[in-house]
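Please read them with the coordinates open.

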Amino acid sequence: MSQRQAAKVLGVDQKTISNDLRKNSSDDEEKPRPTKAKRRARREIELATKQTALPAKRYGVIVADPQWRFEPYSRETGMDRAADNHYPTSATDIIAARDVQSISADDCVLFLGVRFGPRVSY
């Protein structure tokens, strides 16, 4: 019996039959989608790997805007806009410990982006 005939006999749309057949013919159970926290953790690991992999070249000009960790204006109202909610951040001592010298030429110029605000923890 065709899908069209089955749909007519059952009194349903042909798309309903097609969708049901597609769902039933799948050998794999639907895999649960990773939670937002798991996706974020996996993404942070990927980004951290890329950030810590320094090239083998030496540069005369370096422009850096590290992912500073800082306190929001208000813990009650500002946490939804905190940088930690949008990308991985690092404490100042971790940023300062990065081996920028290994990619810097002898006469290198470093342009460093900084963040200012209340209760900034530098």
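1. Burial terms come before the details. A residue is called buried under 20% relative accessible area, exposed over 50%, and partly exposed in between, with a 1.4 Å probe and protein chains only. On that scale Ile103 is buried, because its relative accessible area is 10%.

2. Some conventions follow. The model is predicted: local features need pLDDT of at least 70, side-chain atom pairs count only at pLDDT 80 or more, and totals for chains, interfaces and linings use all residues. Residues are numbered from 1 along each chain as its sequence is written, and side-chain values use heavy atoms, with hydrogens and water left out.

3. The protein has four helices and two strands, in the order α-α-α-β-α-β from the N terminus. These are DSSP runs numbered from the N terminus: helices are H or I with at least four residues, strands E with at least two. Of the 122 residues, 14% count as buried.

4. Ile103 sits in the loop between H4 and S2; its C-alpha is 7.1 Å from that of Pro55, although the two are 48 residues apart in sequence. Ala82 belongs to the loop between S1 and H4 and counts as buried, since its relative accessibility is 9%. From Ala82 to Phe70 the C-alpha distance is 8.2 Å, with a sequence separation of twelve residues.

5. How much space lies in the largest pocket? The value is about 530 Å³. Of the 20 lining residues, Ala64, Pro66, Ile95, Arg98 and Val100 are the closest to the centre of this pocket. A pocket here is an open set of points on a 1 Å grid over the protein atoms alone, where a 1.4 Å probe fits, with protein on both sides within 12 Å along at least five of seven lines; lining residues have an atom within 4 Å of a point. Points are joined across faces, edges and corners, and the volume is the space filled by probe spheres set on them.

6. On the make-up of that lining: helix H3 (36–52), strand S1 (59–64), helix H4 (92–96) and strand S2 (104–112) each give at least two residues. H3 has the largest share, with three. By class there are 13 nonpolar, three polar and four charged residues. Nonpolar covers Ala, Val, Leu, Ile, Met, Phe, Trp, Tyr, Cys and Pro; charged covers Asp, Glu, Lys and Arg; the others, Gly among them, are polar.

7. A nonpolar surface patch consists of Val61, Val63, Val109 and Phe111, which together have about 390 Å² of accessible area. S1 and S2 are the elements that give two or more residues to the patch. Val63, in strand S1, is exposed, because its relative accessible area is 69%. Patch residues have over 30% relative accessible area and no salt bridge; nonpolar side chains (Val, Leu, Ile, Met, Phe, Trp, Tyr) are joined within 5 Å, and like charges within 9 Å. Areas are from the Shrake-Rupley method with a 1.4 Å probe.

8. A salt bridge requires a side-chain nitrogen of Lys or Arg within 4 Å of a carboxyl oxygen of Asp or Glu. The count is two. Arg40 and Glu44 are paired at 2.8 Å, N to O, and lie four residues apart in helix H3, about one turn. Glu46 pairs with Arg43, with the closest N and O atoms 3.6 Å apart. Glu46 and Arg43 are about one helical turn apart, because three residues separate their positions in H3.
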